[in-house]
Amino acid sequence: MVYVYKDLTTNEEIGSDEFPVVPFFDGKVIGIRSARVPDEDAAEVDDCGNVGTNVPTVVNVIKAFNLLDMGFADQKAFMASWKVYISRITNHLKEAGDEAKLAAFKEGAMALTNLIKDNFKSFEFYSVCSEFDHPAVIPAYWQNDSDAGAIFLYIAEGIKQVKY
């Protein structure tokens with residue numbers, strides 16, 4: 001059984017627990033650990049079907065969910081998009097009338113925002129190719145230099161976990 005993480009308001013698939021899960025902030029933020037894997041779609045194959053030795057690699061989470069690098073030049077540009085994203089989820093939870101989920105979301109959002117501000121150079125930011133004006137902002141945290149892959153972070157109350 002696999003849970004796919006979907007953006008709470010757009011319903012777009014943005015992650016999954018098929019990757020190793022790393023809880024942050026008492027589970028208020030869910031992390032999934034990525035890894036570099038061979039990109040078999042880009043591998044060179046000869047006429048006999050043999051795969052070449054120079055196979056490029058990709059980050060598995062990015063490839064699985066077709067994530068796009070948001071390319072923020074600085075923390076100010078990130079914060080502008082992050083505020084819109086957080087506001088969209090906050091408004092959705094307010095409309096749903098679930099005060100407990102709203103409080104948990106705000107706590108997770110604050111903790112994650114502080115982590116990002118304190119370690120901005122250790123983050124990359126991704127989103128999905130979307131028809132929506134303000135899709136999910138997905139922080140990828142390179143926790144230390146020896147990491148084989150970043151940890152993609154999701155505020156628990158800002159996603160739906162759908163069982164497949």
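Trainee: How many cavities of 30 Å³ or more does the structure hold?

Mentor: This is a predicted model, where local features need pLDDT of at least 70, side-chain atom pairs count only at pLDDT 80 or more, and totals for chains, interfaces and linings use all residues. Residues are numbered from 1 along each chain as its sequence is written, and side-chain values use heavy atoms, leaving out hydrogens and water. On a 1 Å grid over the protein atoms alone, a cavity is a set of points where a 1.4 Å probe fits but cannot get out. The number of cavities of 30 Å³ or more is 1.

Trainee: Which element gives the most to the lining of the largest cavity?

Mentor: Lining residues have an atom within 4 Å of a point, and among them are Trp-82, Tyr-85 and Leu-153. Helix H2 (75-96) and strand E10 (151-155) each supply at least two lining residues; helices (H or I, at least four residues) and strands (E, at least two) are DSSP runs, numbered from the N terminus. With 3 residues, the element that gives the most is E10.

Trainee: Why is the pair of Phe-24 and Phe-25 called tilted?

Mentor: Rings of Phe, Tyr and Trp (its six-membered ring) pair if their centres lie within 6.5 Å; planes under 30 degrees apart count as stacked, over 60 as edge-to-face and the rest as tilted. The centres of Phe-24 and Phe-25 are 6.2 Å apart, and the pair is tilted because their planes lie at 50 degrees.

Trainee: Is Phe-24 buried or exposed?

Mentor: Buried means under 20% relative accessible area, exposed over 50%, partly exposed in between (1.4 Å probe, protein chains only). Phe-24 has a relative accessible area of 10%, so Phe-24 is buried.

Conventions: 1 Å grid on protein atoms, 1.4 Å probe; cavity = no way out; pocket = protein on both sides within 12 Å on 5 of 7 lines; lining within 4 Å. Points joined across faces, edges and corners; volume = space filled by probe spheres on them.
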